[in-house]
Amino acid sequence: MKTITLRVSRFDPAMDTEPHIEEYAVRVNEGARVLHALHAIRDGHDPALAYRYCCGSGQCGSCAVRVDGEPVLACMEEARDGMTVEPLELPVLKDLMVDLEPVIAKIARICPAPDAALPEQEEIEAIKPLRDCIECFCCVSACPALQVTEFAGPTVIRQEMRLALDPRDSGDRITDAIEKGLFYCTTCKRCTEVCPKNIDIPGKAIERLRELANRRGLTLPRHQEVARLIEETGRSVERTQPTFLEQVPEVIEPDGPVRGEVGFFVGCMFNGRVPQTALDAMEVMKRNGIRVIVPHDQVCCGSPLIRTGQTAGVPDLKQKNIEAFTRRGITTVMTICAGCGATLKNDYDTPFAVKDVTEILTEYGIEPPAKLDVRATYHDPCHLLRGQGIRDQPRALLCEGVREFVEMPSQCCGAGGGVRSGVPEEAKALGAKRDEAVKATGADVVVTVCPFCEFHIADCTDVPVKNLVTVLLEGYRKKDAEREGSA
Amino acid sequence: MVLYNAPTNKMHVDEIVDAHVLVVGSGGAGVRAAIEASRYGGVVMVSKTIAGKGGCTTMAEGGYNAVLRDRDSVDVHREDTLKGGAYLNDPALVDALVTEAPERMADLVRWGAVFDVTDECQVAQRPFGGQRFPRTCYAGDRTGHEMIMTLLDRLDATDTHLYQEVSVIDLVKDENGAVAGAIALDRDGEIVLFRADATVLATGGGTQVYDISTNSAAGTGDGFAMGYRAGAELIDMEMVQFHPTGAVYPYDARGRLVTEAVRGEGGILVNARRERFMKRYDPDRMELSTRDVVARAIATEVLEGRGTSRGGVYLDVTHLSAETIESRLPVMLEQFLAFGVDIRREPMEVAPTAHHIMGGLRITPECRTTLPGLFACGEVAGGVHGANRLGGNALAETQVFGKRAGEFAGKAPARSGRLDEGTIDERLRMLEGFFEGAANPADVRKDLKLTMWGQAGIFRNAPDLRTALGHVRRLADQRLCAASTANLLECCTVRNMCTTASLIVRCALLRPENRGAHVRLDAEVATEPATSPFGHTHVSLAREGIERREVPA
């Protein structure tokens, strides 16, 4: 047995106007779960504590709560000393109990056709990953789109795809899904991150349904424009200025001895819209002894098409890109766009390794820059944090480059999944939330490593937004200036 | 500590709901009954949890037994079930089970269930203990979850009115002695009276009365207790199935079910000396012997000092490929990983855990109990499984008898008698009494569970059982205390647990033989299951006893 202290959100609608936190010290067994700590409060301190539970083995989905902000199943999550337990972010009935009936009612029911036959093995295998849902609603609690739109929620869309895959179902799942907010999803993968069953709702439901919608001509007009542009130019961004590829040679040699060599996948945003940041990245590579090979025949990675379900042209793009790098014998390809990186890693089957710039710089180690005299915060790009599992490297690099680093709660900025172009008001509302979070940190600058996030957050806040490589380059320039000054 | 404020008002009925059929319980049997009953008139289903989350169907992992292949036959399924049940089963109920399980499976598939299928697009089947043919249909190891999701989809297409997080605390009768509905508490402790022409009890089981149990928190035996108090007869309540393989640690997760599918897929049992001990207990069937045999084998290994330091044995699947484990046993993999054990690389530690109550309300094949107006189906009913249930027969039972209960309840005539106001007032006074009580229900619950595990568990004898009965009765007499109106339910639940426990112990004392799951170390008569002179034990407000039967020559 051991004693732990936990803080629990309490709310009785008959007495309270808003929830408050109470602290309890309880005795629990080694290995006790959050649920057992709640039982200990009920049995030893306050029998009126309201919370749900049932199976105790992660199968019924009754007991989801937030522990230190993260939605979890209370019966599976180990109880920690000092933890704070709060209800899911849904209307609270009492203490940790939330009102689930409205969201359950949004989950579609199968409408079997009278002559329906048993699905075939292949169909069953496709449905199964979407069938594991235990309706705990962790994803609904965590989804950023739900904070600012009428999005019905990740698991609601999951069910639409489960039904769309079932030959027995006679419903119109595409229309249903669109009505329930199919195009509101930013594909930030926060739902997958919190799902106790690890269901990849963006990849296995959202993008697949958008594909089906596309076949019915229901893709959003702005997304269709992007697809046309890619078809005509190989790029998702219009040329309005000299592009990155037009400004650099095929091989960029480092300043000093060669410590390594990477191929560089630039991506449409860095190539066409913010080429200066990509040029900054090249300077950082040169400074750190890494030779960069830039195949000029590379094209769009296809991410804007995959996220929006317009996948017809994707195989061609994949083939062109893979050939561009393999023809030059490149074994490691570096990305500096989180979206391109996640796409090459997750949607491609590449014969070469793909690494984000922050992984490359961390592996080789960098020359320390002079620290910029700023307080900086870091915005996690969804496609880097969850798309590629990269959390620590950018933080460590940033700490080398600035006087002070301050954390900011991670949340999608609203730019991804075609939302910035397709549902601009949602992107703006999520961007405004980022602005609030940035302001709360008191930071002088927001640093990120994704051009979409960078571009979008800059639109939504008056605090300067910079790419990590630019911060590092400025640090090197400051260092050089200081040396010259002292010389 | 929150001080409780005694309400100044007397308890009163806050809401009255009328229905043709009232279904109590939202597991596999209850939902199936409601679906069927809705063909005949207005149905109200009352669920003490959010529908689909309570009960044990949603937790059932391994499968559903049904004869689907030409090489199999309902006769073999019948024989397997009777033999597994130590010939204590009611043959008419077994007939219904094995004959109709395939049809009810077809219903589920037609309604959208996603069962695993073979290359030939037939529902896939795996071997389960005590069966001569692999006839257990499955959806990975989340078979029950698949069923309940499908059933709720279907239920939604009916006009059934669903009351969620409303808990029935007692049945009510009319002046003629027929069951006429039920009285319930909602989430806040408000009282709802349901009046119905027919009432279906589908409240599931009650092994939460044991310290170590696979049941969900809802498995508190409410239906056994309510049926008993209303005057119904229950049979074979001593027949408690201890599942051989429950988790051993961490402490708070002990008893959590480790599905029989682990053994069905080839898992082997070894003791701490790495001996495959089942060869000493059932060399033919080994790990896939019946549950009573395997549970006693494991308990014996542990009692005789060949168990692990935590009091279990090893269940090993490391010889299976990682892919097999990942695709066939994903829930097991996930659950053990959460507790730090990767079953692809290391064995699980397991020990027996109270799993299923074979006994229950005596029913006819039409699911009629001994009380007019009251039907029962699923685990709350007795007789289908005899002295030991085969894995995979419970899910089939929920569908076969859920459908039957719904049909015959639906066909019940309109009730004419006046409600017995006296019993309702009595219940209200009981609830008021909980505000004056002194005993903490949590303490009583804990004491009860330890008593049952210690003195009425796998191995039994008369002195222990009598001690247990005395203690359970003392616990039942404690004046439970409700800290708020929302806590009234907890008092009612603990009261039900005490009643259920006493029924188990009383029946255990009534059966002097070893039979199936019931082991009396002090048994003076040695009987063979097929020729035992003993029939059902029975217990009701009016009488108790054990039936004698004609011994086949």
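Which residues in helix 14 of chain B meet which residues in helix 15 of chain B? The model is predicted, and in it B:Ala462, B:Leu465, B:Arg466, B:Ala468, B:Leu469, B:Val472, B:Arg473, B:Leu475 and B:Ala476 of helix 14 meet B:Cys498, B:Thr499, B:Ala501, B:Ser502, B:Val505, B:Arg506, B:Ala508 and B:Leu509 of helix 15. Sorted by class, the residues of this contact are twelve nonpolar, two polar and three charged.

**The helix pair in chain B**
- Helix 14 of chain B covers residues 462-477 and helix 15 of chain B covers residues 488-510, and their axes lie 9 Å apart at an angle of about 155°.
- Because angles over 145 degrees count as roughly antiparallel, helix 14 of chain B and helix 15 of chain B are roughly antiparallel to each other.

**Domains of chain B**
- Chain B has domain 1 (15-239 + 356-410), domain 2 (247-352) and domain 3 (421-548).
- Between the centres of domain 1 and domain 2 of chain B there are 28 Å, taken over C-alpha atoms.
- In chain B, 21 residues of domain 1 are in contact with 19 residues of domain 2.
- On the side of domain 1 of chain B that touches domain 2, six residues are nonpolar, eleven polar and four charged.

**Where chain A touches chain B**
- Here 39 residues of chain A are in contact with 40 residues of chain B.
- Helix 1 (34-44) and helix 3 (121-131) of chain A are the elements giving two or more residues to the chain A side.
- Helix 3 of chain A supplies the largest share of that side, five residues.
- By class, the side of chain A that touches chain B holds 16 nonpolar, eleven polar and twelve charged residues.

How values were computed: Residues are numbered from 1 along each chain as its sequence is written. Chains are lettered from A and ligands numbered from 1 in the order in which they are written. This is a predicted model: local features need pLDDT of at least 70, side-chain atom pairs count only at pLDDT 80 or more; totals for chains, interfaces and linings use all residues. Domain bounds come from an automatic or database domain assignment. Two residues are in contact if their C-beta atoms, placed from the backbone, lie within 7 Å. Ala, Val, Leu, Ile, Met, Phe, Trp, Tyr, Cys and Pro count as nonpolar, Asp, Glu, Lys and Arg as charged, and the others, Gly among them, as polar. Axes are lines fitted to C-alpha atoms, for helices over the stretch in contact, and angles run from 0 to 180 degrees between N-to-C directions. Helices (H or I, at least four residues) and strands (E, at least two) are DSSP runs, numbered from the N terminus. Angles under 35 degrees count as roughly parallel, over 145 as roughly antiparallel, 65 to 115 as roughly perpendicular and the rest as oblique.
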